[in-house]
Amino acid sequence: MKILKCDLCEHKEKGETFEKWMDALKPHYFTAHADVMRDSSKTEADMNKWMLENRARFEATPNNSA
């Protein structure tokens, strides 16, 4: 199990895989960072970049006791 902070704030979520961590983070992102989610200037390339950067961050994080 890994515990990582949100990429935009100090909020933490846990997940066994990147996908599970991302799913756990979604409710927080939609409420705390709604402006980012609604930003119409973001493209699919921006989303792919976020996925690559955060997957790398997840993979680089050691397992935590939760």
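**View 1. Helix H1 bends at Leu25 by about 35 degrees, with a proline, Pro27, following within four residues.** Here the bend is the angle between two fitted axes, one for the seven residues ending at a residue and one for the seven starting there. Helices (H or I, at least four residues) and strands (E, at least two) are DSSP runs, numbered from the N terminus. H1 covers residues 18–32, and its 15 residues reach 20 Å from first C-alpha to last, close to the 21 Å expected at 1.5 Å a residue. That expected span is 1.5 Å times one less than the number of residues.

This is a predicted model, where local features need pLDDT of at least 70 and side-chain atom pairs count only at pLDDT 80 or more, while totals for chains, interfaces and linings use all residues. Residues are numbered from 1 along each chain as its sequence is written, and side-chain values use heavy atoms, leaving out hydrogens and water.

**View 2. Phe18, Trp21, Met22, Leu25, His28 and Tyr29 are the buried residues of H1.** Buried means under 20% relative accessible area, exposed over 50%, and partly exposed in between (1.4 Å probe, protein chains only). They pack against strands S1 (2–5) and S2 (12–15) and helices H2 (34–37) and H3 (44–60). Tyr29, for one, touches Cys6, Asp7, Leu8, Ala34, Val36, Met37 and Trp50, leaving aside residues up to four places away in sequence; contact means heavy atoms within 4.5 Å.

**View 3. Cys6 and Cys9 are in no disulfide.** Their sulfurs are 3.9 Å apart, whereas a disulfide needs a pair of cysteine sulfur atoms within 2.5 Å. Cys6 is buried at 4% relative accessible area, and Cys9 is partly exposed at 25%.
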